[in-house]
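Subject: A structure for you to look at

Hi there,

Here is the structure I promised to pass on. Have a look at it first, and then read my notes below.

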Amino acid sequence: MTVLLSIRELAVAYRRDGVEVAALKGVSLEVHAGERLAVIGESGSGKSTLALAVAGLLAGSTKVGGTIEWLLPASHPHLGRDIGFVFQDPSSSLDPVMPVGKQIAEVARTHLNLSWRDSYAKAKTLLERVRLPNPDATVRAYPHRLSGGQKQRVAIAAAIAAGPKLLIADEATSALDTIVQAEIVALIRRLVAEDGMTLLFISHDIALAATLADRIAVLRRGELVELGETRQIIDAPGHAYTRALLDAHLGLDATPLLERQGTPA
Amino acid sequence: MTVLAVSNLAKHYRRGDKTFAAVDGVSFEIGPAETLALAGPSGSGKSTIARLVLRLIEPDAGRIDFEGHDFLALSGAALRARRAKLQMVFQDPLAAFNPRASVARVLDDPLRIHNIASRAERPDRIAALLERVGLDANLAASPIHEISGGQRQRVAIARAIATKPSLIVLDEAVAALDVSVRGQILELLLDLQREERISYLFISHDLGVIRAIAHRIAILDAGRIVETGDARAIIADPQSAIGKALVAATPKLVRSSQETL
């Protein structure tokens, strides 16, 4: 398989109230071209920092060590053109005073050197691809007219407008309800397959990650605990922390806490 | 005896020149030490029902009986007294506090406002409350912005039980917690329910969490209860379209090696 990007000994530290806080402590992993890689972890694991570092979105004051090597034809990938990024909260990633069609068209115009006319045509096609109803009207709609799930569809359309090789989804479904979450995951799966994109799926939810990912990387307190094929991570986790995450999952088949005997620690 | 009986509750909102029903004729009961979960997609009316039951907003129609009293008819001192028995825990319940406020300050309020303990008695009460929710009594002096998310939620639960309530409304109370912490908080809630006979109105979008903690479930769609009954039975075999959709959309973790663990 082809390696799309290679991360070596990535260390990231933020300054907070004058104190240096390590968010990533020497993480090494490879992202394969065309794979769906999930990065999971709890709060403080560094999973979002990893996503931001790959996208080149870390603040200038952040201390970064190690390397992220791109094995794309373009050695310096551009966010927007080579990397699409979908954030958790579409309300903050979309401009509230710009029609959604223009926001998508702008990405296409900036990175693909299209005319406005062609960019708008592309935006309309993208709105159809993310299955928003009535693209002709939606292209002129402002974000506040749309539901949370619809806004996230617009954010995804903008993220893929320039045809990126890598799509990063950072907790892109965790602000949505269960049904909308499943729809957005299905949408991401379809778009990634149709466009042959590589997916970096950042999530706190190991069960959700397992429904989508080929491989899962488990982060804990800034360190890579384990990385493997999804089936192996779920069926035969190598690390006690991964096992604890799996055991903590409250599925629809586990014995309810209500019915367990005795008082747990 | 029922702790809470809600009948034909309705709340309408105006959007532009149209009126829509956020809650459209909802009825349910909760018994002592019982947990009723409200589930449904965003906009189905779950949180509006929570706010109506707490009388944070007033309904357009319907009746709420709490501990045998017509709760909507109460006002003034009678309402305040009854309200002490009806507490709430939200997703980030300490968000309304000054982040520099101490844990003790957060727990002092209900004890003072409801005349539960004198100024001299309160430090001991606060220490006992912290221990009751599994926190070290020394945490009392810490500013709330310095404690972890799980600790904050324990403090919120301590605050809620300070007045010895018969019912706590929990609105997405564990949704923002890490999975490892979430289980501990659910265990704490079950423990408190067993020992203090507290009833819960438990609002969540997560059927896995509901199944773990709730006795009964009511599934909401567009402001109406479309299905209600035993939580495990309904989640195992939902009959309503929205119940089926919720179950289908819940990620399944199929572990082939599960039985050996």
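A word on domains before we start: the domain bounds used here come from an automatic or database domain assignment. Please also keep in mind that this is a predicted model.

**The two domains of chain B**

In chain B, the assignment gives domain 1 (4-85 + 166-251) and domain 2 (100-164). The C-alpha centres of these two domains of chain B are 26 Å apart. Where they meet, 17 residues of domain 1 are in contact with twelve residues of domain 2.

**A pocket to explore**

Where does the second largest pocket lie? Domain 1 and domain 2 of chain B both contribute residues to its lining, so the pocket lies between them. The space in this second largest pocket comes to about 480 Å³. Its lining is made up of 19 residues, and B:L86, B:Q87, B:M88, B:H114 and B:R159 are the ones nearest its centre. In chain B, α2 (76-83), β6 (86-89), α3 (103-113) and α5 (149-161) are the elements that each give two or more residues to this lining. The largest share, four residues, is from β6(B). By type, the lining residues are 14 nonpolar, two polar and three charged.

**A helix to check by hand**

Several residues of α6(B) are buried, among them B:V179, B:R182, B:I185, B:E187 and B:D191. Just past the end of α6(B), B:R197 has a positive phi of about 55°.

Most residues other than glycine have a negative phi. Which phi does A:N113 have? It is positive, about 55°, although A:N113 is not a glycine. You will find A:N113 in the loop between α3 (100-112) and α4 (116-129) of chain A. Is A:N113 buried or exposed? Exposed means over 50% relative accessibility, and A:N113 counts as exposed because its value is 70%.

A:R221 also is not a glycine, and its phi is positive at about 45°. This residue sits in the loop between β8 (215-220) and β9 (223-229) of chain A. With a relative accessibility of 57%, A:R221 counts as exposed.

Happy exploring, and write back with any questions!

Best wishes

Terms used:
Residues numbered from 1 in each chain as written. Chains lettered and ligands numbered in written order. Predicted model: local features only at pLDDT ≥ 70, side-chain atom pairs only at ≥ 80, totals over all residues. Heavy atoms only, no water. 1 Å grid on protein atoms, 1.4 Å probe; cavity = no way out; pocket = protein on both sides within 12 Å on 5 of 7 lines; lining within 4 Å. Points joined across faces, edges and corners; volume = space filled by probe spheres on them. Nonpolar A, V, L, I, M, F, W, Y, C, P; charged D, E, K, R; others polar. Buried < 20%, exposed > 50% of the residue type's maximum accessible area, 1.4 Å probe, protein only. Contact = heavy atoms within 4.5 Å.
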